[in-house]
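Colleague: I would like to go through this model with you. Please keep to what can be computed from the coordinates.

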Amino acid sequence: MARDIIREHARLIILRELHQQANYSSNDSMLQQVLESFGIAKPREWIREELNWLTDMGAVTKEAAGTVVIVRLAPKGVEHVERRLVIEGVKRSSLPED
């Protein structure tokens with residue numbers, strides 16, 4: 001199966017955005033805007049597919065709240081962002097610049 005570079009990048013962007021939040025959470029609407037700022041303009045349904053994938057991998061948890069999906073970074077997602085483990089299918093985080 002061929003790698004899907006856009007999906008791998010989008011998944012890392014989502015995990016990093018959640019990691020930057022004080023409560024490690026956000027919603028699908030805000031994450032859609034974040035992805036657009038990185039040049040990944042996709043419909044909300046595509047974002048939700050990626051959130052489902054990240055949930056299946058144990059990187060995030062999610063719950064519905066009205067018309068939005070609330071997503072929270074799980075410990076496995078934190079470990080990926082902090083380069084302590086690798087989740088196959090998610091781009092690896094870059095090393096911090098000195």
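Colleague: What share of the contacts in the chain with a separation of 6 or more comes from residues 24 or more positions apart?
Modeller: This is a predicted model, in which local features need pLDDT of at least 70, side-chain atom pairs count only at pLDDT 80 or more, and totals for chains, interfaces and linings use all residues. Residues are numbered from 1 along each chain as its sequence is written, and side-chain values use heavy atoms, with hydrogens and water left out. Contact means heavy atoms within 4.5 Å. For contacts in the chain with a separation of 6 or more, residues 24 or more positions apart account for 51%.

Colleague: In what order do the elements of the chain run from the N terminus on?
Modeller: Helices (H or I, at least four residues) and strands (E, at least two) are DSSP runs, numbered from the N terminus. The chain has 4 helices and 3 strands. Their order is α-β-α-α-β-β-α.

Colleague: Is His80 buried or exposed?
Modeller: His80 sits in helix H4, residues 75-81. Leaving out residues up to four places away in sequence, His80 touches Leu12, Leu15, Leu85, Val86, Ile87, Val90, Lys91, Arg92 and Ser93. Buried means under 20% relative accessible area, exposed over 50%, and partly exposed in between, with a 1.4 Å probe and protein chains only. The relative accessible area of His80 is 2%, so this residue is buried.

Colleague: How many of the 98 residues of the chain, as a percentage, count as buried?
Modeller: The C-alpha atoms fill a box of roughly 40 × 30 × 25 Å, taken along the principal axes. By the buried cut-off of under 20%, the share of the 98 residues is 37%.
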